[in-house]
Amino acid sequence: MKTEALNIEDVRKLARRRLPRGIFEYIDRGAEDEIGLAGLRHAFDAVTFNPRILADVSQRDLSTTLLGRKQPLPLAIAPTAAAGLVWHEGEIALARAAARAGIPFCIATGSITAMERIAAASNGPLWFQLYMWHERALSFELIERARKNGIETLVLTADTVATPNREYNTRNGFEIPIRASLSGGLDMLSHPRWVWQVLLRYIRAGGIPTYQHYPPGFRSRITRKATWEQVRLTDAMTWDDLRELRQRWNGKLVLKGVLRAEDARKAVEAGVDAIVVTSHGARNLDGAIAPIRALPAIAEAVGGRIGIIADSGVRRGSDILKLLALGADSVMIGRAALYGTAAAGEAGATHALTLLRNEMLAALGFLGCANLRELDTSFVNTPS
Ligand code: FNR
């Protein structure tokens, strides 16, 4: 990893150079007019700090307990479908970087690398993100597979009931199926390192990448449209489904996609162990509220009864501290770690996490806090 990458924006630029445009925009951009994406940055910037002075911060500690497990950083790696397209078996690179940092890695339903391979290649805590399919029985088989692989935490994503409108993917030919086009071909040819180190490695090892968590028989190549009704993401999921999942899954259960206090309250009643307050990185509903703005009301509704994880738009360690001060117990990192993976695989993801860690350590010191337990709403001002 080049030392010129001094912050996440630098890492993002390295990723942009390395990836074909279609893939870079797929990971980097938002939905529709990207008002939500810009809004994430504005929402972080609108929160300011009230630093405390003359507090001994010589021994700063970023450790926390997440879902009963003590870890050195208040972070987890978010599930990102097709992370294996930014680097050969990018999911393994992410899982290893997470393990090295002592934080969980959440495997996506839409992973290019099978959970069996990820579990064999890394020794850190693994979570599994579930997109519920139209045919529930197939999803239940998938969670059984996760259980057999030692996955301890299941994350149900509930905010993706429609196909998000991302017009740049259409223009770039980066829809599933990926269309062969002249511009797409030129895009790839102008990124020979990616073709050589990612695409050709998959092809040499057996062909075009596929979604490894789809049931055999429903496992389309990324170049072919999956038209099977059975594995269409359901748009009919309700709280009853969540309760049924709670019955079936003995491990920790996390509900991802909460932005309303009343939904947070229902999640507590349904018996989940944590919620993720997220706008899906502003990739789904453009104009959805930024999680940092939704957090205070949600934290009040939850009242410490279950864990609160937040994500979307984190680019600086200080962003993380703002989320923690406003009620999150920990924070998920999506694109920042993906940029690192795209730039330099496991070392790149590690570099991105190290940047965030160092920024958190400095900001915590400036705030006059020695550890994360001291951080509360008195350290931040939110716009009214
Ligand atoms: C995602 N995200 C996501 N979430 C999920 O529950 N299932 C998924 O398959 C995906 N896939 C996915 C792909 C890519 C390329 C990105 C960037 C994101 C959302 C992800 O888990 C997380 O909520 C956001 O990425 C957080 O925002 P930041 O950190 O990326 O800004």
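These are my notebook entries on a predicted model, taken in the order I looked things up.

**Entry 1: aromatic rings**

I started with the ring pairs. The count for this predicted model is four aromatic pairs. I took W133 and Y214 as the pair to examine. Their ring centres are 4.9 Å apart and their planes meet at 55 degrees, so I logged the pair as tilted. A stacked pair needs planes under 30 degrees apart, and an edge-to-face pair needs over 60.

Next I asked where in the chain W133 and Y214 sit. W133 is in the loop between β6 (126-130) and α6 (136-148). Y214 is in the loop between α9 (192-204) and α10 (239-248). The two are 81 residues apart, and the pair links distant parts of the chain. I checked burial too: W133 and Y214 are both buried. I also noted a cluster, in which ring pairs link W133, Y211 and Y214.

**Entry 2: S139 and W133**

Which backbone atom does the side chain of S139 reach? I found the backbone nitrogen of W133, at 2.9 Å. S139 itself belongs to helix α6. Its relative accessibility is 0%, so I put S139 down as buried. The cut-off for buried is under 20%.

**Entry 3: charges over rings**

I then looked for arginines placed over aromatic rings. I found R248 with its charged end over the ring of F140, 3.8 Å from the ring centre. I also found R204 over the face of W196, where the distance to the ring centre is 5.4 Å.

**Entry 4: the ligand**

I moved to the ligand and listed its surroundings. There are 21 residues around the ligand. Which of them come nearest? I wrote down P79, T157, D311, G313 and R335. By type, the shell divides into seven nonpolar, nine polar and five charged residues. I checked which helices contribute. α2 (21-28) and α14 (335-367) each supply at least two residues of the shell.

- A polar backbone atom of R335 is 2.7 Å from an oxygen atom of the ligand.
- A polar backbone atom of A81 is 3.0 Å from a nitrogen atom of the ligand.
- A polar side-chain atom of Y131 is 3.2 Å from a nitrogen atom of the ligand.

How much of the ligand's accessible area does the protein cover? On its own the ligand has 610 Å² of accessible area, and the protein covers 99% of that.

**Entry 5: positive phi angles**

L67 has a phi near 50 degrees and is not a glycine. I placed L67 in the loop between β2 (64-66) and β3 (69-71). Its relative accessibility is 18%, so L67 counts as buried.

A82 also has a positive phi, about 65 degrees, and it is not a glycine either. I found A82 in the loop between β4 (75-77) and α4 (90-101). At 5% relative accessibility, A82 is buried.

**Entry 6: helix α13**

I listed the buried ones: G317, D319, I320, L321, K322, L323, L324 and A325. I also looked past the helix. G327 follows α13, and its phi is positive, near 125 degrees.

**Entry 7: two distances**

I took G317 again and compared chain separation with space. G317 and N358 are 41 residues apart in sequence, yet their C-alpha atoms are 7.4 Å apart. N358 is in helix α14. At 38% relative accessibility, N358 is partly exposed.

L200 has 28% relative accessibility, so I logged it as partly exposed. L200 and K148 are 52 residues apart along the chain, and 31 Å separates their C-alpha atoms.

Note on methods. Residues are numbered from 1 along each chain as its sequence is written. This is a predicted model: local features need pLDDT of at least 70, side-chain atom pairs count only at pLDDT 80 or more; totals for chains, interfaces and linings use all residues. Side-chain values use heavy atoms; hydrogens and water are left out. Rings of Phe, Tyr and Trp (its six-membered ring) pair if their centres lie within 6.5 Å; planes under 30 degrees apart count as stacked, over 60 as edge-to-face and the rest as tilted. Helices (H or I, at least four residues) and strands (E, at least two) are DSSP runs, numbered from the N terminus. Buried means under 20% relative accessible area, exposed over 50%, partly exposed in between (1.4 Å probe, protein chains only). A charge sits over a ring if NZ of Lys or CZ of Arg is within 6 Å of the ring centre and within 35 degrees of the ring normal. A residue is near a molecule or strand if one of its heavy atoms lies within 4 Å of it. A polar contact is a pair of N or O atoms within 3.5 Å; within protein, one must be able to donate a hydrogen and the other to accept it, and residues adjacent in sequence count only if both atoms are side-chain atoms. Accessible areas come from the Shrake-Rupley method with a 1.4 Å probe; for residues, only the protein chains shown count as cover. Ala, Val, Leu, Ile, Met, Phe, Trp, Tyr, Cys and Pro count as nonpolar, Asp, Glu, Lys and Arg as charged, and the others, Gly among them, as polar.
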